[in-house]
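Hi,

Here is the structure I said I'd pass on.

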Amino acid sequence: MERFMTRSAAQVFLIRENKSKTEILFGMRSGDKIDLANVSWDVAGGHCNEGESFTATAKRVLEKEFCVSFDPKDIKFTTIIHVGKNNVVRKQYICAHFFVDKWTGTPKIGEPTKMGKLEWFDIENLPENLNFDRHDAVKNFVSKKSYSETGFYYA
């Protein structure tokens, strides 16, 4: 039997209420390792390190990428999305998605070589070019769906 590795990652959606609308902070991925023809909006996220929980990963990547922190009791688990290997995602992933509405600090770009700008979007009017499964994660958040799959091909 051939072995394969499923990677795990945490994605963190910063949300706020603005004039009775819910908004999500996205950053425009950029940099020399990004395919500029496929530049996309994304949230703070990253791979789990060995021995690191999803919550610890979420805290680490949010601090690194958007320069804000949160108390772990304030993080809200939303959904797990199993992402299949395909022509966009080269490895299979288990992605845990979290929403945070309480944080300390002012969001700003923490990794300018990877992120070009930050912008708040209305949860009901998301940008077209979201990275990977982020659109599904928002739909799952709104509908309170805790699990979904994407990128798999069924016979």
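This is a predicted model: local features need pLDDT of at least 70, side-chain atom pairs count only at pLDDT 80 or more; totals for chains, interfaces and linings use all residues.

Leaving aside residues up to four places away in sequence, Phe 99 touches Phe 13, Ile 15, Ile 24, Asp 74, Ile 75, Lys 76, Thr 78, Ala 137, Val 138 and Phe 141.

Phe 99 also belongs to the largest nonpolar core, which has 19 residues. Along with Phe 13, Ile 24, Phe 26, Trp 41, Leu 126 and Val 138, Phe 99 is one of the members that touch the most others there. Which elements give two or more residues to this core? They are strands E1 (6–18), E2 (21–29), E5 (75–83) and E6 (92–100), plus helix H2 (134–143). There's a second, separate core too, with 17 residues, including Val 12, Leu 25, Leu 62 and Phe 70. If you zoom in on Phe 70, you'll find Lys 59 over the face of its ring, 5.4 Å from the ring centre.

Next, the aromatics. A search of the whole structure turns up seven aromatic pairs. One of them joins Phe 26 and Phe 121, edge-to-face, with 5.9 Å from centre to centre and 65 degrees between the planes. Phe 26 sits in strand E2 and Phe 121 in strand E7 (residues 115–122), so this pair ties together parts that are 95 residues apart in sequence. Both of these residues, Phe 26 and Phe 121, are buried.

Phe 121 pairs with Trp 41 as well: the ring centres are 5.0 Å apart and the planes are at 70 degrees, so that pair is edge-to-face. Trp 41 is in strand E3 (residues 41–42), so its pairing with Phe 121 in strand E7 links parts 80 residues apart in sequence. Trp 41 is buried, at 6% relative accessible area, and Phe 121 is buried at 12%.

Last, the cysteines. How many disulfides are there? The count comes to zero. Cys 48 is in no disulfide, and the nearest cysteine sulfur to it, that of Cys 95, is 9.0 Å away. A disulfide would need the two sulfur atoms within 2.5 Å. Are these cysteines buried or exposed? Cys 48 is buried, with a relative accessible area of 18%, and Cys 95 counts as buried at 4%.

Cheers

Technical notes:
Residues are numbered from 1 along each chain as its sequence is written. Side-chain values use heavy atoms; hydrogens and water are left out. A nonpolar core is a set of buried Ala, Val, Leu, Ile, Met, Phe, Trp, Tyr and Cys residues joined through side-chain atoms within 4.5 Å. Buried means under 20% relative accessible area, exposed over 50%, partly exposed in between (1.4 Å probe, protein chains only). Helices (H or I, at least four residues) and strands (E, at least two) are DSSP runs, numbered from the N terminus. Contact means heavy atoms within 4.5 Å. Rings of Phe, Tyr and Trp (its six-membered ring) pair if their centres lie within 6.5 Å; planes under 30 degrees apart count as stacked, over 60 as edge-to-face and the rest as tilted. A charge sits over a ring if NZ of Lys or CZ of Arg is within 6 Å of the ring centre and within 35 degrees of the ring normal.
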